[in-house]
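Visitor: I am new to this structure. Please pick one part and take me through it closely.

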Amino acid sequence: MNELTINNTEITTDEHGRFSLNDLHNAAGGKIKDKPAKFYRSHSFKKVVQILKAQKRTFEPIVTKRGRYNGGTWVCKELVYKYAMWVDAEFEVKVIQTFDSLKNIIDAPSAMTALNELTRKIESDANVASFCGKELAKYKKIKKQNESKLISEFNNIQLCLFSKKA
């Protein structure tokens, strides 16, 4: 995924595309009242997690990892939005705008990728058509040679037939 930065704080992702809630807390200002641990205890957080788990049974929407450098809490995009709403309206708008701008950046290359793929297909089709054209030209040349040989052989047969009758 492309780099995600909110309020000059890079929001890291884990190998499954979940976002660091600790980074989000720092981006929100790092206030004690906005600590992720307090967010986990909220009823609305628990309800959203329950819904997400029911929708995506094989994907964990929240994972907590221990460790000094790779540790922390990692959440899916929906919980990023939920956390932003929980912090305050200004942070919520900032998160939504950041994700929207990131989506636009991602969509542009995917559109370009589709265009490049279409161009490759057209070039491939042109190469096939060119090959077919060359083979058709060879066929016409060979056909003309074979027709000439056929006419020559036909004439020889006629000469043989006429000369034996005479």
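Guide: Start with a polar contact of 2.7 Å, which joins the side chains of aspartate 23 and threonine 12. A polar contact is a pair of N or O atoms within 3.5 Å; within protein, one must be able to donate a hydrogen and the other to accept it, and residues adjacent in sequence count only if both atoms are side-chain atoms. This is a predicted model: local features need pLDDT of at least 70, side-chain atom pairs count only at pLDDT 80 or more, and totals for chains, interfaces and linings use all residues. Residues are numbered from 1 along each chain as its sequence is written, and side-chain values use heavy atoms, with hydrogens and water left out.

Aspartate 23 sits in helix H1, residues 21-27. Helices (H or I, at least four residues) and strands (E, at least two) are DSSP runs, numbered from the N terminus. Aspartate 23 is buried but has no salt bridge. Buried means under 20% relative accessible area (1.4 Å probe, protein chains only). A salt bridge puts a side-chain nitrogen of Lys or Arg within 4 Å of a carboxyl oxygen of Asp or Glu. The nearest side chain of opposite charge is lysine 65, 11 Å away. Here Lys and Arg count as positive, Asp and Glu as negative; His and the chain ends are not counted.

What does aspartate 23 touch? Leaving out residues up to four places away in sequence, Thr9, Glu10, Ile11 and Thr12. Contact means heavy atoms within 4.5 Å.

Note on methods: Buried < 20%, exposed > 50% of the residue type's maximum accessible area, 1.4 Å probe, protein only.
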